[in-house]
Each structure stands twice: as C-alpha cells, then as structure tokens.
Amino acid sequence: MSVHTLTLLGSTGSIGTSTLDVVSRHPNRFRIFALAGHTRTSVLAQQCAAHRPRYAVVAGEKEAAELRRLLAQQNSDTEVLHGAQALSDVASAPEVTGVMAAIVGAAGLAPTLAAAAAGKTVFLANKETLVMSGRLFMDTARQNRARILPVDSEHNAVYQVLPRDFNGDLDAHGIDNIILTASGGPFLHTDLREFDAITPAQAVKHPNWAMGQKISVDSATMMNKGLELIEAHWLFSCPPARLEAVIHPQSVIHSMVRYRDGSVLAQMGVPDMRTPIAYCLGLPERIASGAAKLDFAALGGLTFHQPDFARFPCLKLAYDAMHAGGFAPCVLNAANEAAVAAFLRGQIRFTDIARTVAHALEHVPAGEPESIAALVSADTETRARAEAFFQAA
Ligand SMILES: NC(=O)C1=CN([C@@H]2O[C@H](COP(=O)(O)OP(=O)(O)OC[C@H]3O[C@@H](n4cnc5c(N)ncnc54)[C@H](OP(=O)(O)O)[C@@H]3O)[C@@H](O)[C@H]2O)C=CC1
Ligand SMILES: CC(=O)[C@@H](O)[C@H](O)COP(=O)(O)O
Ligand SMILES: [Mn+2]
C-alpha cells in the first residue's frame with residue numbers, strides 16, 4: 001500500500017471537500033501536510049480539526065488572524081500561513097509526495113507549477129493551468145519527473161481507458177480519437193431568445209454535478225468543454241483534429257477512446273467526483289470512494305448528439321483558440337474568467353461572456369509563450385481589456 005503525504009490546494013472548495021471525504025475513508029493511507037483555502041476560514045478550521053495538517057494557508061493577514069483565532073479554540077498546533085508564496089511553498093515542501101491542485105482559475109497556476117517543478121505527483125483538477133501554460137507546464141513536469149494524474153472527470157476517464165504503457169504516441173497505440181462527453185449544461189433545451197435573461201442562479205444549477213460557481217457557469221456556456229479539449233490536447237499529446245466533443249446529457253459515460261480496430265473504450269459511473277479522485281489517490285490500487293453504484297436498469301437510456309455552436313459560441317471560440325495555439329488559449333482563459341466573474345456579480349449578461357471572449361481573441365500577442373512571466377502578462381492585459389469592454393457595453 002502506498003502512503004501519500006498530501007498538500008491540498010483549494011481544500012475548502014468542491015474538489016477539496018470531496019478529496020477530504022475520500023481521504024477520511026482511508027486513514028492509514030494518507031497524511032495531510034497542508035490545507036490551503038482562501039477566504040472560507042470557518043470551513044478550513046473544521047478541516048484542520050479533522051485532519052491536523054502541519055500548515056494551513058489562507059489569502060491574507062485578515063483571514064490568517066481569523067483562522068488563528070478559530071484554531072486557538074481547538075488547541076490546534078497547525079501553523080497558519082498566508083499569501084501566494086505560501087501556496088507554492090506548501091506545494092513543493094520536501095515532505096510532500098502528492099499535491100491536489102484544486103484552486104479555481106489562473107490563481108492555481110503558480111503553486112501547481114511549483115509542485116511539478118519539485119517533482120511531486122500532481123493530482124490535477126485545475127484545468128486552467130494546462131489551458132494557460134500547457135507546453136511549459138508539461139515540459140516542467142517531464143524535466144522534473146513529476147507525475148501528472150488527471151482528476152477532471154473526462155480526462156480521468158480517458159486515462160483509465162488508455163493503454164497502461166501509453167507514452168503520448170497515439171499512432172503507436174492504435175488510437176484514432178479521444179472523445180470527450182459533455183452534459184450540455186442547464187440550457188441545452190432553453191429557447192435561444194431567453195439567453196439574454198439567464199440569471200447567475202440559473203446558470204450555476206448544473207443538471208448532474210455539484211461544483212463550484214465558476215466551473216458551473218463554464219458548463220452552462222460549454223466553455224468548460226472547450227477548456228477540457230485544450231487540457232486533453234496537452235495531457236495526452238493529442239492533435240486538435242483528433243479530439244472530439246459529443247453531448248451526452250446523462251453524464252454517465254465520462255469520456256471515450258476510439259481505437260483503430262473500431263473498438264471504443266469508455267469509462268462509466270455515477271456523476272460523483274469522488275470516483276476520479278479516489279482513482280488518482282489510490283493508484284495503482286482501486287480504493288473505495290463512497291460513490292453510489294451505477295444502476296443500469298434505472299438509467300433508462302444514454303443519448304448523444306453534436307454540440308450546436310449557435311447555442312454554445314464559447315465552445316467554438318475555444319476550438320479556434322486551440323487551433324491557433326500560442327497565446328490564444330491563455331487569452332481565452334483570462335477573458336472567460338473575467339467575464340464569468342462579471343456575470344456572477346450581475347455586471348454583464350450571460351450572452352456577454354462569449355462577446356467578451358471573442359473581443360479578447362482579437363488581441364492575442366504574436367509568437368509562442370517562452371516563459372510563465374509572458375503568460376502572466378498576457379493574462380493581466382486581457383483582464384484589463386475585458387474590464388474596459390464591460391464599461392463600454
Ligand atoms: N468541482 C468539480 O466537480 C470539478 C472541478 N474541476 C476544476 O477544479 C478546480 C476547482 O473547482 P471547484 O472545486 O469546483 O471550485 P470551488 O470554487 O468550489 O473551490 C475553489 C477553491 O479555490 C480557492 N481559491 C479561490 N480563489 C483562490 C485564490 N486566488 N488563491 C488561492 N485559492 C483560491 C477557494 O478558497 P475559498 O473558498 O476558501 O475562498 C476554494 O478552496 C477548477 O479549476 C475546476 O475547473 C474540474 C473538474 C470537476
Ligand atoms: C465533473 C467534471 O469533470 C466537470 O468538468 C463536468 O464535466 C462538467 O460537466 P459538463 O461541462 O460536461 O457540463
Ligand atoms: Mn470535467
């Protein structure tokens with residue numbers, strides 16, 4: 001049995017809490033070195049009481065003072081740190097063997113990269129890291145022998161049905177295509193004339209998955225599938241032309257690989273992130289996750305159809321960015337993050353998310369990103385351009 005000493009980045013979020021649920025089921029397998037939240041100090045204090053990490057990390061001094069106050073009530077010996085550098089420190093500390101990368105958005109890039117640079121096993125939920133910096137991140141992982149295990153349900157499914165010795169060469173393994181399934185989100189059948197009036201409360205109501213707000217809105221626009229195509233491109237060295245996305249509203253088949261001989265291998269299960277999380281944490285063993293059994297007789301049916309770009313313009317924009325390469329995926333991601341945040345605070349309409357991203361993609365820096373600093377600068381400029389676009393709208 002392999003024992004992991006873990007840092008959880010984003011422990012207070014949806015993936016973070018599901019991870020701790022799996023960890024709690026296997027007390028002899030995992031030790032928690034650090035838990036990192038951002039603003040939810042009371043959730044983090046409860047997690048510290050249950051898991052007794054050496055370190056807890058929060059956003060700033062205010063959150064650190066509040067967490068220290070809460071921990072003092074428990075006589076906790078957890079040390080409280082704060083700020084971005086502390087995230088990278090706990091992700092790369094020598095004691096740590098595995099890092100769950102579950103911060104939402106571009107804020108996850110630096111600590112996830114620090115974990116890869118330190119040669120850790122990275123349980124990768126934060127897809128934005130790969131969308132922003134796919135080539136540089138994968139190069140860093142390779143050079144430092146970091147193992148990248150995909151937590152995102154689709155990529156985890158693909159990973160499970162790829163040959164065990166898959167080395168990134170699709171042809172050598174007889175693979176034609178990687179097929180990502182997409183639920184289509186809450187607005188799959190909504191009249192397009194109603195899209196301007198969609199509210200944040202409606203958009204975060206995913207039909208199948210319980211997730212954080214940002215990824216839930218991404219599922220509603222299908223930008224999530226676009227980000228996932230780019231994620232799959234980097235994780236599996238899969239050329240864009242060999243990646244497909246198909247709508248499968250039941251979210252039971254989590255993704256598929258089509259082989260040259262006509263076989264299509266799929267991974268299935270109830271939509272519960274504890275399954276891919278347990279798969280990653282337990283490797284090479286299969287460990288219990290707490291997920292319910294898939295009941296085939298109760299399913300009724302599994303259906304599939306092509307996504308419609310008129311309904312989901314963000315998916316088309318993501319395809320375009322993936323094909324363009326260079327800085328385009330980083331710009332796509334930054335504009336989308338800014339637009340989703342503006343939508344959630346009521347500043348722009350649902351349909352303005354795609355407009356913002358399209359506008360940003362008209363201003364992609366030329367050339368290939370040669371450094372993380374160049375990507376961060378493109379990210380910052382894009383967010384500023386998006387804010388100006390909101391003011392003008
Ligand atoms: N939820 C899911 O089922 C899935 C999620 N993912 C991916 O996993 C990642 C996390 O998603 P999810 O768990 O849903 O998101 P949540 O919004 O539920 O959680 C986000 C976590 O990140 C922390 N956080 C937010 N901003 C910052 C910041 N600037 N610096 C440090 N930490 C920060 C939050 O802290 P706090 O809350 O304390 O402020 C919280 O712990 C995303 O990249 C998402 O795309 C992928 C597949 C499935
Ligand atoms: C659970 C998970 O991995 C999410 O990314 C999920 O796939 C979202 O569903 P859709 O984007 O397919 O609606
Ligand atoms: Mn996913």
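Author: Welcome! Axes here are lines fitted to C-alpha atoms, for helices over the stretch in contact, and angles run from 0 to 180 degrees between N-to-C directions. Helices (H or I, at least four residues) and strands (E, at least two) are DSSP runs, numbered from the N terminus. This is a predicted model, in which local features need pLDDT of at least 70 and side-chain atom pairs count only at pLDDT 80 or more, while totals for chains, interfaces and linings use all residues. Residues are numbered from 1 along each chain as its sequence is written, and chains are lettered from A and ligands numbered from 1 in the order in which they are written.

Reader: How do you know what confidence the predictor has in the protein's residues?

Author: From pLDDT, the predictor's confidence in each residue, from 0 to 100. The mean for the protein is 97, and 100% of its residues reach 70 or more. The model also scores ipTM 0.99 and pTM 0.98.

Reader: What makes helix 6 and helix 16 roughly antiparallel?

Author: Angles under 35 degrees count as roughly parallel, over 145 as roughly antiparallel, 65 to 115 as roughly perpendicular and the rest as oblique. The axes of helix 6 (residues 127-143) and helix 16 (residues 372-392) cross at roughly 175 degrees and come within 10 Å, so these two helices are roughly antiparallel.

Reader: Which residues of helix 6 and helix 16 meet?

Author: Two residues are in contact if their C-beta atoms, placed from the backbone, lie within 7 Å. Met132, Ser133 and Leu136 of helix 6 meet Ile372, Leu375 and Asp379 of helix 16. By class, this contact has four nonpolar, one polar and one charged residues. Ala, Val, Leu, Ile, Met, Phe, Trp, Tyr, Cys and Pro count as nonpolar, Asp, Glu, Lys and Arg as charged, and the others, Gly among them, as polar.

Reader: Why are helix 13 and helix 15 called roughly parallel?

Author: The axes of helix 13 (residues 313-324) and helix 15 (residues 350-360) come within 9 Å and cross at roughly 20 degrees, and that angle is why the pair is roughly parallel. Pro313, Cys314 and Leu317 of helix 13 meet Ile353, Ala354, Val357 and Ala358 of helix 15. That contact has seven nonpolar, no polar and no charged residues.

Reader: What is the handedness of the crossing of helix 13 and helix 15?

Author: Helix 13 passes helix 15 in a left-handed crossing. A crossing is left-handed if the near helix is turned anticlockwise from the far one by less than a right angle, and right-handed if clockwise.

Reader: What makes helix 9 roughly perpendicular to helix 10?

Author: The axes of helix 9 (residues 213-221) and helix 10 (residues 223-235) come within 5 Å and cross at roughly 95 degrees, which means that helix 9 is roughly perpendicular to helix 10. Ile215, Asp218, Ser219 and Thr221 of helix 9 make the contact with Met223, Asn224 and Leu227 of helix 10.

Reader: Where is Pro284 found, and what kind of peptide bond joins it to Leu283?

Author: Pro284 is in the loop between helix 11 (274-282) and helix 12 (296-299). A cis peptide bond joins Leu283 and Pro284, with omega about 10 degrees.
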